[in-house]
Amino acid sequence: VCQCTGSFDRTRAFEWPDQKQLCDTATVLVSGKTLQQHGGSCSGYCRSLNGRVPGQRYASYFCYRAWRAHGSLGCDARKEKDTGGGCDEDMKGRDAVCSCSFADL
């Protein structure tokens, strides 16, 4: 009998490489340094997941939501009024919260 709690995350965000913190289903906090390694944006980070997530070898990840993480707020930055950002925005070395998914074939 499963004593499971929480929701099922088919994107397996809990196993995404290079994340600082798991924020929610399909949503993680990513360091500015990691973002810079993938073009500076959450779109680049999400694309970098392709072929690197255990159990999702053939998934083609894309970004569907992103915002800057202000100071120590991290995952909670979305609660701020003006967090700015977007999937394709260069976060200029700042941490960001990235939401990634993939299309079902």
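1. Which residue in strand 2 is the bridge partner of glutamine 21? Leucine 29 takes that place. Three bridges join strand 1 to strand 2 (residues 27-30), and the two run antiparallel. Strands are DSSP runs of E, at least two residues, numbered from the N terminus; two of them pair if DSSP finds at least two bridges between them.

2. This is a predicted model, in which local features need pLDDT of at least 70 and side-chain atom pairs count only at pLDDT 80 or more, while totals for chains, interfaces and linings use all residues. Residues are numbered from 1 along each chain as its sequence is written, and side-chain values use heavy atoms, with hydrogens and water left out.

3. The four strands form an open sheet in the order 1-2-4-3, with antiparallel pairing. Strand 1 (21-24) and strand 3 (61-68) are at the edges with a single partner strand each, so one side of each has no neighbour in the sheet.

4. Two aromatic pairs are present (ring centres within 6.5 Å; planes under 30 degrees apart are stacked, over 60 edge-to-face, the rest tilted). Tryptophan 16 and tyrosine 61 are edge-to-face, at 5.9 Å centre to centre and 85 degrees between the planes. Tryptophan 16 precedes strand 1 and tyrosine 61 belongs to strand 3, so the pair ties together parts 45 residues apart in sequence.

5. Tyrosine 61 and phenylalanine 102 are also edge-to-face, at 5.3 Å and 80 degrees. Phenylalanine 102 lies in strand 4 (residues 96-102), 41 residues from tyrosine 61. Both residues are buried, that is, under 20% relative accessible area with a 1.4 Å probe, protein chains only.

Note on methods. Rings of Phe, Tyr and Trp (its six-membered ring) pair if their centres lie within 6.5 Å; planes under 30 degrees apart count as stacked, over 60 as edge-to-face and the rest as tilted. Buried means under 20% relative accessible area, exposed over 50%, partly exposed in between (1.4 Å probe, protein chains only).
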